[in-house]
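These are my notebook entries on a structure that I am reading for the first time. I set down what I looked up, entry by entry.

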Amino acid sequence: MNSNLKHQSNDPNCKGVEILSIGTELLLGNIVNTNAQWISEELSTLGLNHFRQSTVGDNSERITKLIKEISSRSNLLITTGGLGPTPDDLTTEAIAKSFNATLSEREYLWDQIKKKLSISGSNLNKSSLKKQCFFPKDAQIINNTRGTAPGMIWKPIEGFTILTFPGVPSEMKEMWKETAVNYIKNNFSDGYIFFSNTLKFSGIGESTISEKIDNLLKLKNPTVAPYANLGEVKLRLTARAKNESEAKNIINPIKEKLKKEFSEFIFGENDDNLSSVLIKELIKRKESLVFAESCSGGLLSSSITSIPGSSQVFKGSIISYSNNLKQSLLNVPENLIKKFGAVSEEVAETMAINAKEKLNSDWCIAISGIAGPSGGNKEKPVGLVYISIAGPNGHITNIKKIFSSTRNRIEIQRLSVNVCLNSLRLILLSSSK
């Protein structure tokens with residue numbers, strides 16, 4: 001069995017690993033499927049690269065049909081969801097039905113459930129919890145210390161193994177760590193792991209990056225894969241190796257090459273974001289930061305205060321959404337607003353200078369714009385944003401951005417925040433050279 005899963009990534013004909021998430025609530029979008037993401041990462045650390053994820057609702061016939069399909073194309077199936085006591089928890093029964101197997105009661109499991117929960121004697125035999133004690137005869141039980149629904153490891157046919165877990169993330173993760181990790185290592189792993197390092201870019205598009213690194217995108221080990229989020233691009237470098245140290249040695253030459261070529265655009269790695277990187281730099285410089293916000297409505301402040309340690313540099317902000325507050329709180333002259341408009345370089349610059357002085361800070365970022373969907377015109381369309389950054393020694397940087405009118409209000413606000421943070425990052429980077 002081990003040999004079937006070795007070097008999957010290099011053999012397109014090799015059977016592999018699949019993840020099956022079960023629950024109508026997933027299909028309806030009532031909850032986000034974080035379990036599949038977590039399991040995917042765990043499989044990578046064990047050296048197993050899977051090629052397919054499926055989601056199916058709480059329907060016995062559909063679950064059974066899908067299990068049969070998966071058994072014909074994969075060696076290992078991980079399922080989450082559908083193991084509870086309610087009528088729509090059908091996973092174990094449907095899996096057994098897929099292979100014409102019968103279920104038998106594990107009496108000791110019922111004893112364990114009764115100890116975990118307070119169930120009166122008259123309701124014991126009527127309790128729907130008891131269905132959680134029935135499994136195929138030759139299945140290995142995965143104990144659930146956090147809940148009542150056990151999982152199982154079952155090999156119904158030669159060359160195909162199923163591991164089942166409940167849908168509750170905390171229960172699933174605990175069961176995985178206690179049982180699945182060692183089982184997969186002993187039965188499926190060939191001793192290699194997958195290790196990834198992600199570089200994060202701002203101020204450059206995915207297509208531009210891809211064109212410049214076309215040769216790197218063809219590498220086999222490490223692999224280099226770009227993917228974009230709103231306002232940033234990520235490059236994931238993944239190496240297959242015997243351990244993390246060896247994987248880093250494979251990745252590092254490529255990473256250093258990318259850092260050299262895109263030094264201006266790479267702002268961080270892995271869990272870094274623009275706010276956390278900016279805060280670290282300001283702490284290092286022992287400098288403070290404030291904001292004067294209009295169109296972003298506090299989103300800029302929120303992005304900073306979501307980072308632990310932000311209080312070391314961030315003093316606060318003035319959210320002057322109306323023109324009256326721009327005048328009364330930030331001393332923006334009424335005639336300046338009448339002449340140039342609230343959305344203008346002149347007003348944004350005045351907001352930055354005055355907020356910096358009023359809040360006694362080293363740096364201030366001011367932002368004013370038209371987030372839409374209404375309020376724009378030919379001269380000042382929806383998506384127009386002015387940003388001004390005031391700093392020590394009279395430093396002023398003014399930025400004009402026009403985001404596409406196809407962007408919605410939230411996207412324009414978020415993109416504006418990214419530009420604000422990245423612009424100050426670049427200013428600090430330039431002054432530190």
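What volume does the largest pocket have? I find about 1100 Å³ for the largest pocket. I am working from a predicted model, in which local features need pLDDT of at least 70, side-chain atom pairs count only at pLDDT 80 or more, and totals for chains, interfaces and linings use all residues. Residues are numbered from 1 along each chain as its sequence is written, and side-chain values use heavy atoms, with hydrogens and water left out.

**Entry 1: the largest pocket**

I noted the terms before going on. On a 1 Å grid over the protein atoms alone, a pocket is an open set of points with protein on both sides within 12 Å along at least five of seven lines, whereas a cavity is a set where a 1.4 Å probe fits but cannot get out; lining residues have an atom within 4 Å of a point. A volume is the space filled by probe spheres set on the points, which are joined across faces, edges and corners.

I count 30 lining residues for the largest pocket, and Ser-44, Phe-194, Ser-196, Arg-236 and Thr-238 lie nearest its centre. Two or more lining residues come from each of α3 (34-45), β9 (193-201), β10 (223-229) and β11 (232-241); helices (H or I, at least four residues) and strands (E, at least two) are DSSP runs numbered from the N terminus. I see that α3 gives the most, with 6 residues. By class I record 8 nonpolar, 15 polar and 7 charged residues in this lining. Here Ala, Val, Leu, Ile, Met, Phe, Trp, Tyr, Cys and Pro count as nonpolar, Asp, Glu, Lys and Arg as charged, and the others, Gly among them, as polar.

**Entry 2: the second largest pocket**

I read a volume of about 470 Å³ for the second largest pocket. Its lining has 22 residues, and those nearest the centre are Gly-203, Gly-231, Lys-401, Leu-415 and Val-419. β10, β11, β17 (396-402) and α15 each give two or more residues to this lining, and the largest share, 6 residues, is from α15.

**Entry 3: the largest nonpolar core**

Which element supplies the largest share of the largest nonpolar core? I first listed the members that touch the most others among its 38 residues: Leu-289, Leu-300, Trp-363, Ile-365, Ile-387, Ile-389 and Leu-424. Such a core is a set of buried Ala, Val, Leu, Ile, Met, Phe, Trp, Tyr and Cys residues joined through side-chain atoms within 4.5 Å. The largest share, 9 residues, comes from α15. I also looked up another core, which lies apart and has 24 residues, including Ile-67 and Phe-160.

**Entry 4: Ser-21**

Is Ser-21 buried or exposed? Ser-21 lies in strand β1 (residues 16-22) and counts as buried because its relative accessibility is 1%; buried means under 20% relative accessible area, exposed over 50% and partly exposed in between (1.4 Å probe, protein chains only). I note a contact (heavy atoms within 4.5 Å) with residues including Ala-36, Val-56 and Thr-80.

**Entry 5: the cavity**

I find 1 cavity of 30 Å³ or more. The largest cavity has a volume of about 90 Å³, and among the residues that line it are Asp-89, Lys-131 and Phe-135. I note that α5 (91-98) and β5 (134-136) give two or more residues to this lining.

Definitions and conventions. Lists of a residue's contacts leave out its neighbours within four places in sequence.
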